[in-house]
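Please read the following report alongside the sequence and the coordinates.

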Amino acid sequence: GSRMMKPVGREATLLAFDYGEKRIGVAIGNVLTRQARALVVVPNRSREFRFEAVGKLINEWKPEALVVGLPLHPDGAPHEMTQLAKRFGNQLNGRFNLPVDWVDERYSSVAADLDMREEGIAAQMRDAEAARIILQQYLDGLSDELH
């Protein structure tokens, strides 16, 4: 899997993003508890708008690192959104000076749809739920290294 640029602390807070052209789902999680939860959906109105909104979240939650879902075709091939998500993550890294890591999220939206049908989560929270699944995958992947 992917590696952090620097090892995150044992109690680190992480923010995760599911980047979309219309909406960006955001989730928050903690390395210690290995729990992720859907936080908010940011309308992707413009570059300025999204970074102002993300900046507020970073100030509020003080994450040690950021995780961005990387959408790929089911066979793992990149597509148009892959580049957009990659650029978004690089901009986050440059603007907020936090390490950014990537999670292959080709299954997260599918999983989010399934979860929502089961739990009846409001449709507008779907993107945040996808971000939660991305972050949960990431946290689950960390377990081997921290113990």
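Predicted model: local features only at pLDDT ≥ 70, side-chain atom pairs only at ≥ 80, totals over all residues.

Residues are numbered from 1 along each chain as its sequence is written, and side-chain values use heavy atoms, with hydrogens and water left out.

**Overall fold**

The secondary structure of the protein amounts to 4 helices and 5 strands, where helices (H or I, at least four residues) and strands (E, at least two) are DSSP runs numbered from the N terminus. Along the sequence these elements follow the pattern β-β-β-α-β-α-β-α-α. Of the 147 residues, 49% count as buried, a term that means under 20% relative accessible area, with exposed meaning over 50% and partly exposed in between (1.4 Å probe, protein chains only). Among contacts (heavy atoms within 4.5 Å) between residues at least 6 apart in sequence, 62% join residues at least 24 apart.

**The pair H1 and H2**

Two packed helices are described by the angle between their axes and the distance between the axes. Helix H1 (residues 47-61) packs against helix H2 (residues 80-96) at an angle of about 60°, and their axes are 12 Å apart; axes are lines fitted to C-alpha atoms, for helices over the stretch in contact, and angles run from 0 to 180 degrees between N-to-C directions. H1 and H2 are therefore oblique to each other, given that angles under 35 degrees count as roughly parallel, over 145 as roughly antiparallel, 65 to 115 as roughly perpendicular and the rest as oblique. On the H1 side the contact is made by Arg47, Glu48, Arg50, Phe51, Val54, Gly55 and Ile58, and on the H2 side by Phe88, Gln91, Leu92, Arg95 and Phe96.

The buried residues of H1 are Arg50, Phe51, Ala53, Val54, Gly55, Leu57 and Ile58, and what covers them includes S1, S2, S3, S4 and H2. In H2, the buried residues include Met81, Thr82, Leu84, Ala85, Phe88, Gly89, Gln91 and Leu92. Their cover includes strand S1 (13-18), strand S2 (23-30), H1, strand S4 (65-70) and strand S5 (100-104).

The table sets out the spans of the two helices, the expected value being 1.5 Å times one less than the number of residues.

| Helix | Length | First to last C-alpha | Expected span |
|---|---|---|---|
| H1 | 15 residues | 21 Å | 21 Å |
| H2 | 17 residues | 25 Å | 24 Å |

**Loop residues**

Most residues other than glycine have a negative phi, and most peptide bonds are trans. H1 is followed by Lys62, whose phi is positive, near 50°, and H2 is followed by Asn97, with a positive phi near 55°. Lys62 lies in the loop between H1 and S4 and is exposed, with a relative accessible area of 62%.

The loop between S2 and S3 holds Arg34, whose phi is also positive, near 60°; Arg34 is buried, at a relative accessible area of 18%. Leu32 is placed in the loop between S2 and strand S3 (35-43) and counts as exposed at 54% relative accessibility. Although Leu32 and Glu11 are 21 residues apart along the chain, their C-alpha atoms are separated by 4.7 Å, and, leaving aside neighbours within four places in sequence, Leu32 is in contact with Arg10 and Glu11.
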